[in-house]
Amino acid sequence: VSTDAQCLDLGSTFVAHHSQLRAAAQKILGTRELADEVAQDAFLKLSDPASTVTARQPLAYCYQVVRNLAIDHRRRMALESSVFAAEEEGADVPTPQGTPERYAINRQNLRIIEQALDELPDRTRRAFEMYRLGDLTQREIGQRLGVSAALVNAMIRDATEALMRWRHLLLAD
Amino acid sequence: MKPSERDDPVWQAAWSWVQREHEKTMDTVARVQFDDWLQAEAAHRDAYEEASSLWLLAGLVPAKRVGAGGADGSST
């Protein structure tokens, strides 16, 4: 499948399931307005060949992108309000020098991360996906894979270390 | 963004906060510690931003395994 065809596919999948996808975002963000914002952002990313990658299950991937963008959005809002509250209380919050470094969400960076994860042993990759995407606890992952929680912990550490090893190749936003 | 930053204690701290946030294991005390850590140095916030954007990227890579993103891919 070519990238363009893939994006057409992701884009049309998104459109066909727009209201359910927005509902998934709203569940995380609380308001319709924020959900619309994130859904729009997700749609732009999914329908742009320069910012997405090949996904075997288009609908599952649309949900994955919406969910993760929504969670990140919520996290950023919480961060901003906690810094704001500290300043209101008169705390001397240091101002970051310039814009903090964020990695761009684009095709190239996603492929680098994909490659880092591809290098992992199959079971480690699976444990990491359950942890990162499936929102399972390390104990639950251990139960599903039939291994100890300590081993799951070690596998997740291996996966995160792989991400760290590759991160110097990532482009900043 | 040098490879040697892997051993940087600020980066390591930022990364473990990101993971604790993901695991939702932070209680009120940990929340306060996290806020204090963030506000102590601009470098902490920068490292945290960088680590959380790496975490986001990792969450946007399609699952290799069918169903890894949740039974039917949705959380509804």
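Helices (H or I, at least four residues) and strands (E, at least two) are DSSP runs, numbered from the N terminus. Chain B has three helices and zero strands, and from the N terminus on its elements run α-α-α.

Before going further, the conventions. This is a predicted model, in which local features need pLDDT of at least 70 and side-chain atom pairs count only at pLDDT 80 or more, while totals for chains, interfaces and linings use all residues. Residues are numbered from 1 along each chain as its sequence is written, chains are lettered from A and ligands numbered from 1 in the order in which they are written, and side-chain values use heavy atoms, with hydrogens and water left out.

How confident is the predictor? The term pLDDT is its confidence in each residue, from 0 to 100. For chain B the mean pLDDT is 82, and 75% of the residues reach 70 or more. Over residues 69-76 of chain B, however, the pLDDT is below 50; beyond near neighbours in sequence, this stretch has nine contacts in the model, a contact being heavy atoms within 4.5 Å. The model scores ipTM 0.89 and pTM 0.87.

Let us stay with chain B for a moment. Buried means under 20% relative accessible area, exposed over 50%, and partly exposed in between (1.4 Å probe, protein chains only). Of the 76 residues of chain B, 49% count as buried. Among contacts in chain B with a separation of 6 or more, 55% come from residues 24 or more positions apart.

I turn now to the interface. How many residues does the contact take from each chain? It takes 59 residues from chain A and 46 residues from chain B. The area buried between the two chains is about 5100 Å², of which carbon and sulfur atoms give 60%; buried area is the accessible area (1.4 Å probe) that two parts lose on being put together, summed over both. A:R132, A:M164 and A:R167 supply 13% of the area that chain A buries against chain B, more than any other three residues.

The rule finds three salt bridges across this interface, a salt bridge being a side-chain nitrogen of Lys or Arg within 4 Å of a carboxyl oxygen of Asp or Glu. B:K64 forms a salt bridge with A:D122, and the closest N and O atoms are 3.9 Å apart.

Which helix of chain A gives the most to the side that touches chain B? That is α4(A), with 14 residues. The residues on this side of chain A divide into 29 nonpolar, twelve polar and 18 charged. Here Ala, Val, Leu, Ile, Met, Phe, Trp, Tyr, Cys and Pro count as nonpolar, Asp, Glu, Lys and Arg as charged, and the others, Gly among them, as polar.

A:T13 lies in helix α1 (residues 3-16) of chain A. Is A:T13 buried or exposed? A:T13 is buried, with a relative accessible area of 13%. Leaving aside neighbours within four places in sequence, A:T13 is in contact with A:P58, A:L59 and A:C62.

A:D135 is found in the loop between α6 and α7 (138-145) of chain A. A:D135 has a positive phi of about 60 degrees although it is not a glycine, and is partly exposed, at 33% relative accessible area. In chain B, K24 sits in the loop between α1 (9-23) and α2 (28-40). B:K24, not a glycine either, has a positive phi of about 55 degrees, and B:K24 is exposed, with a relative accessible area of 60%.

How values were computed: pLDDT is the predictor's confidence in each residue, from 0 to 100.
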